[in-house]
Every structure is written in structure tokens, then in C-alpha cells.
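User: Please take a close look at the side-chain contacts in this model and walk me through them in one connected account.

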Amino acid sequence: LHSPYSKKFSASGLSTYINCSLQFYFRYIAGLKEKEETEDYIGAAPLGKILHDTMKTLYEGQKVLTKDFFSIVFKKIDDALDNAIAKEYPAWEKNLEGKNVLLRNVLIELTRKVLEYDRKSAPIEIKSLEADFTIPFTYNGTDAVWLYGIIDRVDKINGSTRIVDYKTGKVEERKPESIEDFFNDPKFKATFQTFYYAYLYSKKANDSNIAAGLYPLQKFSSGMKYYKDGQPITAEEFKTFEKNLKGIISYIFDPAIPFSQTEDHDRCLFCAYKGICNR
């Protein structure tokens with residue numbers, strides 16, 4: 001992407017800053033690499049990537065997900081999943097052992113749950129799958145950056161456009177009371193990211209009827225988890241979100257605001273840089 005803008009921001013990058021600005025500094029400015037996971041078994045991050053790739057393969061080329069489509073797609077799960085695993089771990093050549101066999105079974109079950117939930121909602125019009133959405137963003141009147149994200153799925157159901165995000169990690173069950181909560185509490189990271197994708201799409205597609213939802217795959221018994229119970233996000237809500245985005249990016253570039261440790265020690269428990277901070 002050739003542009004006059006020197007910086008790009010993703011939802012995960014901004015979520016890192018919200019969680020701890022020093023963690024953001026170590027990861028995105030100092031460029032300190034986190035310890036890589038062992039290749040002996042499927043790690044947490046690759047597990048999510050494999051699921052995303054599997055869902056894209058199953059739905060790709062299908063403009064509308066009909067009841068008839070779902071009568072045959074379940075038979076394709078195994079092949080789509082094995083190809084996704086092979087793409088992520090080519091050295092294994094599909095020969096899984098031990099824990100990986102169990103993880104494969106978990107992925108099959110998660111994929112089936114998504115398909116079964118979608119089948120109940122059919123017909124569903126597919127607008128895009130795993131598509132990159134990037135927009136220029138002026139944050140202080142003169143300076144600009146790129147905002148970007150890969151949106152798992154954009155679809156249309158009953159006349160409403162949905163931003164769909166698959167989440168294999170933990171999702172906060174408590175709902176945010178205001179949009180400001182997204183920028184103050186990292187517990188709302190999953191919903192923040194989905195709203196962020198909805199904002200990107202609204203700017204790209206000029207669509208005013210957008211709902212944001214995610215699949216909390218760890219606890220999928222209740223189905224999709226929507227922001228505002230699936231009601232369209234209003235122009236005023238997008239405007240408030242945009243105002244807060246401008247604020248947080250301005251903080252990041254402000255030389256008078258130091259990158260500092262979070263005061264919440266619980267956020268440090270699983271941080272890759274806690275040794276540097278002596279936490």
C-alpha cells in the first residue's frame with residue numbers, strides 16, 4: 001500500500017495501548033519480539049487462524065448461504081480444516097499426534113457450531129470474507145494515519161448488514177455502558193474490535209444499516225453476541241467512536257505523554273514483557 005501516511009493502526013494495536021501503553025511501546029515501537037510458541041502443538045493464535053481459514057474455504061464462492069447449501073457443506077469440514085492446518089504447519093504433512101488430534105476435534109466441533117447457527121438464519125447473503133479494509137484517518141486536523149483491519153465476514157440478513165467476527169479467545173460477558181468504555185477498559189477488547197471493523201466498513205461502503213456481532217466460540221451456547229442486541233449502529237455512535245479514536249491516536253503521538261506501565265497488575269500476568277518491567 002503506497003501512501004503519504006507513515007503509520008498503520010489495527011484494532012489489536014489500539015487494544016494493546018488501551019491495555020498498557022508501555023506494552024504497546026515494546027511491541028509496536030521498540031519492535032521487541034514475543035517468545036514464539038513451540039511447534040510441537042497448535043498454539044492459541046494459530047488455532048484461531050486455522051478456524052478463520054476453514055470458514056473462509058467453506059463459504060468462499062457462495063454468494064448466498066441457502067438451506068440447500070447447508071445440506072452439503074457439513075461434509076466438507078474435514079478437508080477444509082485439514083488444508084488449513086497443513087497451510088499453518090506444512091512440516092506436519094497432516095500427520096497429527098497426541099494433543100493435536102484433540103485440538104483438531106475441537107476445531108471440527110467449533111466449525112460445526114458456526115455452520116449450525118448460520119443454517120438457522122439462512123438465507124444469508126455474503127458480502128465479503130477475510131477482506132482487508134483500510135482507510136486514511138486524520139486524527140488532529142492535519143496529521144493522518146491508516147486504519148486497517150481484516151474483517152472475518154460481512155454479510156446481509158433481513159436487509160441488515162452484519163460485521164461478523166469469530167472469537168476463539170475469551171469474550172467479556174458484561175456489556176459496555178458507553179462507547180467510552182471501549183477506550184478505558186481492555187475487558188471489552190473483543191467488542192471494541194468488532195465495532196472498529198464496523199467503523200471501517202461504514203467508511204468504505206457508505207452503509208448506514210450496520211450491526212456488529214461476534215461468535216464467542218468458547219461459550220457458543222447462546223449463539224452470536226451482538227453490540228446493542230443487533231440494532232444498527234447509529235451515526236451518532238460512529239461519531240463518538242471516531243472522536244475517541246482521534247483522542248487515543250493523538251495520545252500515542254504526543255511527546256508529552258510518556259508510555260507507562262498499567263497500574264492494574266492483573267493485566268501483567270500474561271504479558272510477554274513483564275520481565276523487563278520487573279512485574
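Analyst: Cys271 counts as buried at 14% relative accessibility, where buried means under 20% relative accessible area, exposed over 50% and partly exposed in between, using a 1.4 Å probe and protein chains only. This is a predicted model, so local features are taken at pLDDT of at least 70 and side-chain atom pairs only at pLDDT 80 or more, while totals for chains, interfaces and linings use all residues. Residues are numbered from 1 along each chain as its sequence is written, and side-chain values use heavy atoms, with hydrogens and water left out.

The sulfur of Cys271 has its closest cysteine sulfur in Cys277, at 6.3 Å, which is too far for a bond; a disulfide here is a pair of cysteine sulfur atoms within 2.5 Å. Across the whole structure the search returns 0 disulfides. Cys20 is likewise in no disulfide, the nearest cysteine sulfur being that of Cys268, 6.3 Å away, and Cys20 is buried with a relative accessible area of 11%.

Charged pairs come next. The whole structure holds 17 salt bridges, each defined as a side-chain nitrogen of Lys or Arg within 4 Å of a carboxyl oxygen of Asp or Glu. In one of them, Lys49 meets Glu88 at 3.6 Å from N to O, and this pair links distant parts of the chain, since Lys49 belongs to helix H3 (residues 44-59) and Glu88 to helix H5 (residues 77-88), 39 residues apart. Helices are DSSP runs of H or I with at least four residues, strands are runs of E with at least two, and both are numbered from the N terminus. Lys49 counts as exposed at 53% relative accessibility, whereas Glu88 is partly exposed at 25%.

Arg104 counts as buried at 16% relative accessibility, and Asp78 as partly exposed at 36%.

Glu172 and Arg174 form a further salt bridge, with closest N and O atoms 3.4 Å apart; Glu172 is partly exposed at 22%, as is Arg174 at 42%. Elsewhere, salt bridges with shared partners join Asp118, Arg153, Asp155 and Arg162 into one network.

The aromatic side chains complete the picture. Rings of Phe, Tyr and Trp (its six-membered ring) pair if their centres lie within 6.5 Å, with planes under 30 degrees apart called stacked, over 60 edge-to-face and the rest tilted. By this rule there are 30 aromatic pairs. For Phe195 and Phe241 the ring centres are 4.6 Å apart and the planes meet at 35°, so this pair is tilted. The pair links distant parts of the chain, with Phe195 in helix H8 (residues 189-205) and Phe241 in helix H9 (residues 235-253), 46 residues apart. Phe195 is buried with a relative accessible area of 1%, and Phe241 is buried at 0%. Both belong to one aromatic cluster, whose members include Phe137, Tyr196, Tyr227 and Phe238.

Finally, Lys8 lies over the face of Tyr148, at 4.4 Å from the ring centre; a charge sits over a ring if NZ of Lys or CZ of Arg is within 6 Å of the ring centre and within 35 degrees of the ring normal.
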